[in-house]
Amino acid sequence: MTVALQSPGLLRALIPVDNAPVDANLKGDFRKYLEGMREIEEAGVRKQAEADQILKKYEDLVSIRQFLMTNLVKGPQSSSLTLRIPTKTLMLSLGNMGDFPFKNPDETQYKGPTLFVRGTRSHYVADDVLPVIGRFFPKFIVHDIDCGHWVISEQPEAFRQAVVDFFRNLDTD
C-alpha cells in the first residue's frame, strides 16, 4: 500500500492481504511467534523438522508454522537455521510494526484497481475501516475468505482464485 501511495506509476493494480491503511494493534500472536522463532535460533536447529517441533508449542496450525518457517535460512558461517531478520530486531520493532505511514487520505491516493483480501476471522480489516480504505484507494473491492489473518497460508486455493478472478476482470475492463 505504501509503494502504491508513494509511487502509483509503478503499479498496474494492488492486492493488500488482510491489512488496512490504518495503524493496527498487532495481536499477541506476533509476540508468541517471535518467541518461538527466538527459541529456534537459540537451539541452533539445522533442519526444518526440528524448527517445526519447537513451533508446535506456539502454533497448532501446520500451515501457519510452515509460513513462519519460510523466514528461516542457513547462516552464512554455520549450518544452523537463522531468521532473515534477527528476532531481537523484530522484537524491538514490534510496537511500531502495525503503523501505517500515511495519515491523511485527502493528501494522497492510489487510483488504480485494488483488491483487499481479508480473513473473516481476523480483525485487521474491519468493516469500520472500509470508508478509510475507500478514501486512500477509491477503486477498491473487498473479497472475504473464511480464515484468520494468515489468508495465503490458511486458504491458499481460495486466495489464488480471488487473485485470478481479479486479474481476469482487469483484462476485461
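Okay, a quick word on classes before we start: Ala, Val, Leu, Ile, Met, Phe, Trp, Tyr, Cys and Pro count as nonpolar, Asp, Glu, Lys and Arg as charged, and the others, Gly among them, as polar. What we have here is a predicted model, where local features need pLDDT of at least 70, side-chain atom pairs count only at pLDDT 80 or more, and totals for chains, interfaces and linings use all residues. Numbering runs from 1 along each chain as its sequence is written, and side-chain values use heavy atoms, with hydrogens and water left out.

So, pockets. By that I mean an open set of points on a 1 Å grid over the protein atoms alone, where a 1.4 Å probe fits, with protein on both sides within 12 Å along at least five of seven lines; lining residues have an atom within 4 Å of a point. Volume is the space filled by probe spheres set on the points, which are joined across faces, edges and corners.

The largest pocket holds about 790 Å³. It has 31 lining residues, and Phe30, Phe67, Met97, His149 and Trp150 sit closest to its centre. By class, that lining is 23 nonpolar, six polar and two charged. Helices here are DSSP runs of H or I, at least four residues, and strands are runs of E, at least two, numbered from the N terminus. H2 (28-43) gives the largest pocket the largest share of its lining, four residues.

Now the second largest pocket, at about 180 Å³. Twelve residues line it, with Leu115, Ile141, Asp165, Phe166 and Asn169 nearest the centre. Strands E3 (114-119) and E4 (140-145) and helix H8 (156-172) each give two or more residues, and H8 has the largest share, five.
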